[in-house]
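Dear colleague,

I am handing over the structure we talked about, and I would be grateful if you could look through it alongside the notes that follow.

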Amino acid sequence: MTGPRFSFSANRRIVAGLLVNLLSSICIVFINKWIYVHHGFPNMTLTLVHFVVTWLGLYVCQKMDVFSPKRLPVRRIVWLALSFCGFVAFTNLSLQNNSIGTYQLAKAMTTPVIILIQTTYYKKTFSTKIKLTLVPITLGVILNSCYDVRFNLPGTVFASLGVLVTSLYQVWVGAKQHELQVNSMQLLYYQAPLSSAFLLGVVPLFEPLTGEGGIFGPWSLPALVTVLFSGVVAFLVNLSIYWIIGNTSAVTYNMFGHFKFCITLVGGYLLFHDPLSLNQALGILCTLAGILSYTHFKLMEQEEGKSRLAQRP
């Protein structure tokens with residue numbers, strides 16, 4: 001009886017983690033949009049604030065004995081921290097130099113690149129059925145973005161680098177937790193301040209530090225309170241991302257990312273009456289079909305694995 005109970009409990013924790021990530025991710029989209037529209041706070045600077053607040057949140061958690069920090073050599077996580085900075089920088093550059101459709105289409109390529117990296121460098125195997133679930137998902141993203149796909153050389157370069165670095169970052173988030181034998185909080189506790197320091201060196205290349213629109217500029221009290229609140233929500237987003245990848249996989253997290261994208265589109269249509277074309281509706285259905293297929297095949301493989309273990313003498 002211990003096995004099924006443990007499995008049920010683990011599945012409930014995974015569902016809870018996914019739910020926290022879903023709610024906090026949707027929440028932070030609307031908060032960030034409010035900050036950009038009403039206060040004009042710079043994008044990358046806001047990401048820097050989010051990671052600083054994430055580290056402060058983890059510092060408070062370890063003082064409250066929520067987790068015990070584990071000493072990690074900086075050289076073992078420096079590439080993880082740098083890849084986060086590259087992910088933020090190239091994602092922003094891709095958005096600046098591409099249309100929204102091209103940007104979304106490039107993001108959809110993250111999942112197959114993750115599978116390629118894990119297959120090539122980590123010798124992880126994926127069944128044909130799992131790989132085939134990428135077909136309806138990619139088709140769904142194309143249907144959602146085809147109305148606005150335009151290519152140019154700088155945009156293509158930044159989008160390609162963004163996909164590569166984002167894929168590496170997500171793979172390393174899971175790999176480092178297993179390699180260093182740490183949990184999500186222990187790893188993020190070291191990576192957050194390191195990434196913040198690197199990001200502080202990157203921000204001046206894209207955004208002002210002082211004066212109007214700079215991080216040390218003359219911001220109103222409501223703007224600062226809203227930014228700090230978004231930092232608290234970002235703490236939940238970052239922690240749940242690390243937890244999901246550490247307890248499932250980077251591919252599963254990406255599949256969940258596609259699901260969140262569909263929910264955002266449907267939510268915009270239902271709540272804010274945003275336009276939703278027939279192509280977009282078909283794209284959402286294709287993407288959801290791919291996600292449901294992935295979930296079904298993944299659960300089947302897990303059950304088969306448990307059955308094989310149970311049959312061993």
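To follow the helix names used here, please keep in mind that helices are DSSP runs of H or I with at least four residues, and that they are numbered from the N terminus. Please also remember throughout that this is a predicted model.

I would begin with S230, which lies in helix α10, a stretch covering residues 221-247. S230 counts as buried because its relative accessible area is 0%, and the cut-off for that word is under 20%. The side chain of S230 reaches the backbone oxygen of V227 at 2.6 Å, and, if residues up to four places away in sequence are not counted, S230 touches I28, I31, N32, I35, L46 and H50.

Once neighbours within four places in sequence are left aside, S145 is in contact with G101, Q104 and L105. The C-alpha atoms of S145 and Y103 are separated by 8.8 Å, although these two residues are 42 residues apart along the chain.

The next part concerns charged side chains, and the structure holds 2 salt bridges. In one of them, the side chains of E179 and R76 meet at 3.0 Å, N to O; since E179 lies in helix α8 (residues 153-179) and R76 in helix α3, this pair ties together parts that are 103 residues apart in sequence. The side chains of K176 and E179 also meet in a salt bridge, at 3.5 Å, N to O, and these two residues are separated by about one helical turn because they are 3 residues apart in helix α8. R76, K176 and E179 are thus linked in a network of salt bridges, in which E179 is partly exposed at 43% relative accessible area, R76 is partly exposed at 28%, and K176 counts as buried at 13%.

Finally, please look at the surface, where Y59, V60, M64 and V66 form a nonpolar patch with about 380 Å² of accessible area together. M64 sits in the loop between α2 (43-63) and α3 (74-97), and M64 is exposed, with a relative accessible area of 59%. Helix α2 itself has 21 residues and reaches 31 Å from its first C-alpha to its last, which is close to the 30 Å expected at 1.5 Å a residue. Helix α2 is followed by D65, whose phi is positive, near 60°.

Technical notes: Residues are numbered from 1 along each chain as its sequence is written. This is a predicted model: local features need pLDDT of at least 70, side-chain atom pairs count only at pLDDT 80 or more; totals for chains, interfaces and linings use all residues. Side-chain values use heavy atoms; hydrogens and water are left out. Buried means under 20% relative accessible area, exposed over 50%, partly exposed in between (1.4 Å probe, protein chains only). A polar contact is a pair of N or O atoms within 3.5 Å; within protein, one must be able to donate a hydrogen and the other to accept it, and residues adjacent in sequence count only if both atoms are side-chain atoms. Contact means heavy atoms within 4.5 Å. Patches are made of residues with over 30% relative accessible area and no salt bridge: like charges are joined within 9 Å, nonpolar side chains (Val, Leu, Ile, Met, Phe, Trp, Tyr) within 5 Å. Accessible areas come from the Shrake-Rupley method with a 1.4 Å probe; for residues, only the protein chains shown count as cover. A salt bridge is a side-chain nitrogen of Lys or Arg within 4 Å of a carboxyl oxygen of Asp or Glu. The expected span of a helix is 1.5 Å times one less than its number of residues.
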